[in-house]
Each structure stands twice: as structure tokens, then as C-alpha cells.
Amino acid sequence: MTASEASKPTNAEPWVIIVGAGPAGLMLALLLGQQGIPVQVVELADGPDKRPRATHYSAPANYELRRAGILDEVQSQGFLPNGVSWRKLDTTYLAGLDNTVPDDKDDSLVCLPLHKLACVILRALEQQPSVQISWGHKVLGVGQETDSKVAWVDVETATGTRRLQAPYVVGCDGANSQVRKSLFGSSFPGFTWNEQIVATNTYYDFDKYGYHDANFIIHPEHWYMAARISKDGMWRITYGELTGLTNEELIARQPMKFEKFLPGHEPPEAGAWKLDSISPYKVHQRLVEKMAVGHICLVADAAHLCNPFGGLGLTGGIVDAGNLADCLIGIYQGKADDSILDKYSEVRRQKYNDIINPVSSANIRRLFAQDPETALQDDAFLKMLHQGSADTSFAKKLQLEIKSVMHDFTQYYKTS
Ligand SMILES: Cc1cc2nc3c(=O)[nH]c(=O)nc-3n(C[C@H](O)[C@H](O)[C@H](O)COP(=O)(O)OP(=O)(O)OC[C@H]3O[C@@H](n4cnc5c(N)ncnc54)[C@H](O)[C@@H]3O)c2cc1C
């Protein structure tokens, strides 16, 4: 009997406890459940989070959604944006990416708001009898006995506090992760941007102004992103704001900001937009010291944060979930030992440091830290996009570069 077989549960106890039923935790549960691995997901809320957050996912996330069997559903509930453009405040087009360029639909950017994505994954999980989801379970802390290979989570529920145990615990509990705090205290190396952002879901007729389905507007003060997020004309408008304002102040300034930057009348006619939801956020670039400590691992926002311009947060998080699934499946099936978790930590941290952090940081700076009048001459990325508009094979290559955040962990499985 292998060490991993010895630690398999003999009854309905979970083999993995996942903390957090956000998209990353649910994806991990689905991939493990599809291998028959007993999983318990514990989530403090009573259902999926509906705040305006992730909407767009690129090729690396699509790969994991495809192998989980849900990409077709995601693409049909959502849609494939026609392209992404960078513009000046007066709507002038500077450069862009054509989302119809990739030969394979799976390599195209897909748009589906996060809570709808969570619902697609939850429906797929209904087919997985080895996965149990416990809503209304707030994790207070986690721990482990390294010798006996038992990890635990202390949860608070409506009926009191209790301890749940499993061989492995995974923190998918987002930016304020309790699992991360249990491992590392308040340490979360990185920084918070001075700029704040406000994300809204808004109905506004951008089509009238020739906008693509996704647009980044470069301006020192009124920088923003406008992306269509539903087939019925709802747009995600996320804009930069001054530092030091309270959430109430940020929300009160929203009409003034829209009047300043929305294309069209100056200012846009009252009632020209219909605000559906609004949420201010602070933005961070942070990476935890280790993404695996013994039998406790961290995935997605619990482990790393980046600003949302460029859609790398959850895309990277879904790749983490797929990668950790392969590591845990390897251990469960006796094809790998615990050292694969150290490899998971090393590789995923490197992907953040080499790709996600620099690319996402450049994406946000591009919007406010350069002169829009000279951006096409000064900004190497915009220059490359310009080259891509005249050279389809170069444009394809450029769009597929993001696939370098992926990694195949089955290569570390033991050969017989
Ligand atoms: C405005 C905005 C736009 C974005 N757009 C994009 C985009 O287009 N593309 C992209 O890839 N990324 C985007 N992101 C980033 C993306 O939203 C996050 O990376 C993603 O939500 C992280 O998923 P997660 O599952 O790790 O965490 P979360 O979605 O935060 O889920 C964590 C879950 O854990 C639960 N939880 C927390 N604490 C506990 C506890 N103690 N006990 C039990 N459960 C707990 C929470 O209730 C929650 O359900 C955007 C972010 C913002 C703010």
C-alpha cells in the first residue's frame, strides 16, 4: 500500500477540504470530483458572490474549462468579444486585438460574468457525488499535524463551531484568505496601488461611438475600461479614481465621472446611462511566500493578487486550480508524492513573478501613466499591436503568448 493510499478516507470523510466556493474553489472541486476524489467545499456565504468582478477569461483558463467539460456552456451563456481596443478619451482608436484571429475558438477571449460562471460550475458539480458543498460555513482557522498527515479547518456555522479534518486543505478563499492568514499572519508581500478603481455594471450605448466589445481608454485623469458583458447590452465600466476617498465618496462621484468621460454629448444627457451595480476596489500586486506548506495549499486570489486590467486575476487562478488538481490527483492515485506540492508552489509563484505581475502592472500603467497623444510612438506594446493589425500571423502569435502561464504537472508523475 502506498503512503497516499494509506491516507485515503475509508468512509464519506473528505480527502480534500476546499475553503471558498468562488470560481477557483469550485473549479478545483470539479476537476477533483471528476476523478472520484472525496471533496468538501466550505463556504461562508449562502450562494455565489454577485459583486461586479471577473468577466473575461483567456486561452489558459479556457483550457481548464474545456477539460472540465464546461467551456461550451460558458461560451454559449456568454459570448466571444469581437476585439479589444486602446483609445483616446475622444474615442480615437489607437491600436487593438482582433479576437477572431485565433484559429481555435478555445484560444479566443470569452466573456461571462463571474457569478454566472460559478453557476455553470455548480451545475456541473451536481453530477459529482464525491463533492459536497457546505454553504454557511465560515472558516476561522486551519492547521495540520505534519507527522500524521492530518489537516483541519475550524468552521463556524449557524449551529456552532466545529473542526473538520482531511489529509489536504486548500485555501481558495480569496483576497482576505483566512487560510493564508493562518499560515503567514498578515504577511502578503507586494504593494497596493495609489490609484483606486470603481467597477460598475451599466447600460450605455457604446456601439453608437464605434467601440469594440472591450476598450481601454488612455487618459491621465479619466482612464477607464468599457467592455460589453452581456448579450442584452450591459457594459462593465471600470474607471480610475483619486486615492484616499471613502467608498461613500467614490460612489457619490460616479455621475460626475461618467459625465466627464463617457463618449457622446458633453456631458452625456441625464438618463443616457442606466447604472445596475457599483463597487469600489483597492488594487494590489501581491504574492504569498509559499503556495503550499505541508498539506495546506493556496490557490488564486488567496495566493496572489493583480489589478484587473487585462483579465489575468481569475485566468491565473483557474490555471492554479487546474495545476493543483493535477498534483492532488497524482498523489491520490499514487503517481506522485507530496514533493509535487513544492513544485506547484515554485512554478505558480514563478509564473506570477515572470508573467502575471509584470503584464498586469504594465496594463494598468498604460492607461494613466503616459501621454495619449504620443502613446502610439512611446508604448512598445501598442506598437506591436499596430504591427499585428497588418500581419495576422504575428497577431496570432501575440495573442497566444499568454499561454505561457500554463504548466503541465503530470510530467512530474512517477514512471513505473
Ligand atoms: C473589478 C474587477 C474586475 C475583474 N475582472 C477580471 C477579469 O475580467 N478576468 C479575470 O481573470 N479576473 C478578473 N478579476 C479578478 C477576479 O475577480 C478574481 O481573481 C477572482 O474572483 C478570484 O477568484 P477566487 O475564487 O480566488 O476568489 P473569490 O472569487 O474572492 O472567492 C473566494 C470565496 O471564498 C469565500 N470565503 C472567504 N473567506 C472565507 C472563510 N473564512 N470561510 C469560508 N469561505 C470564505 C468567499 O465568500 C468567496 O466565495 C477582476 C477583479 C475585479 C475586482
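Two strands pair if DSSP finds at least two bridges between them. The legends below use that rule on a predicted model.

**View 1. Strands β1 and β2 pair in the parallel sense.** β1 covers residues 16–19 and β2 covers residues 39–42. Four bridges link the two strands. β2 is covered on both faces. Val39 and Val41 lie on one side, Gln40 and Val42 on the other, and all are buried.

View 2. Glycine 69 follows α3, and its phi is positive, near 80°.

**View 3. Helix α2 packs on helix α8.** Their axes lie 9 Å apart, at an angle of about 30°. Angles under 35 degrees count as roughly parallel. The two helices are therefore roughly parallel to each other. α2 passes α8 in a right-handed crossing. On α2, the contact uses Pro23, Ala24, Met27, Leu28, Leu31 and Leu32. On α8, it uses Leu314, Gly317, Ile318, Ala321, Gly322, Leu324, Ala325, Leu328 and Ile329. By class, the residues of this contact are 13 nonpolar, two polar and no charged. An α-helix has 3.6 residues a turn, so residues three or four places apart point the same way.

**View 4. Helix α8 also meets helix α9.** α9 runs over residues 339–368. The axes of α8 and α9 come within 10 Å and cross at roughly 165°. That angle makes α8 roughly antiparallel to α9. The crossing of α8 past α9 is right-handed. α8 supplies Gly316, Val319, Asp320, Asn323, Leu324, Cys327, Leu328 and Ile331 to the contact. α9 supplies Ile340, Leu341, Tyr344, Arg348 and Ile356. What is the make-up of the contact by class? It has nine nonpolar, two polar and two charged residues.

**View 5. Three strands form an open sheet in the order β8-β9-β10.** The pairing is antiparallel. β8 (138–145) and β10 (160–166) each have a single partner strand, so one side of each is left without a neighbour in the sheet. Neighbouring strands are turned by 20° against each other on average, direction ignored. β9 takes in residues 150–157 and is joined to β10 by seven bridges. Aspartate 154 stands opposite arginine 163 in β10.

**View 6. Strand β12 pairs with both β16 and β15.** β12 extends over residues 190–203, and β16 over residues 274–287. These two strands run antiparallel and are joined by eleven bridges. Threonine 192 stands opposite histidine 284 in β16. How many bridges join β12 to β15? Eight bridges do, and these strands too run antiparallel. β15 comprises residues 234–241. Within it, threonine 238 is the bridge partner of alanine 199.

Key: Residues are numbered from 1 along each chain as its sequence is written. This is a predicted model: local features need pLDDT of at least 70, side-chain atom pairs count only at pLDDT 80 or more; totals for chains, interfaces and linings use all residues. Side-chain values use heavy atoms; hydrogens and water are left out. Axes are lines fitted to C-alpha atoms, for helices over the stretch in contact, and angles run from 0 to 180 degrees between N-to-C directions. Angles under 35 degrees count as roughly parallel, over 145 as roughly antiparallel, 65 to 115 as roughly perpendicular and the rest as oblique. A crossing is left-handed if the near helix is turned anticlockwise from the far one by less than a right angle, and right-handed if clockwise. Contact means heavy atoms within 4.5 Å. Ala, Val, Leu, Ile, Met, Phe, Trp, Tyr, Cys and Pro count as nonpolar, Asp, Glu, Lys and Arg as charged, and the others, Gly among them, as polar. Buried means under 20% relative accessible area, exposed over 50%, partly exposed in between (1.4 Å probe, protein chains only).
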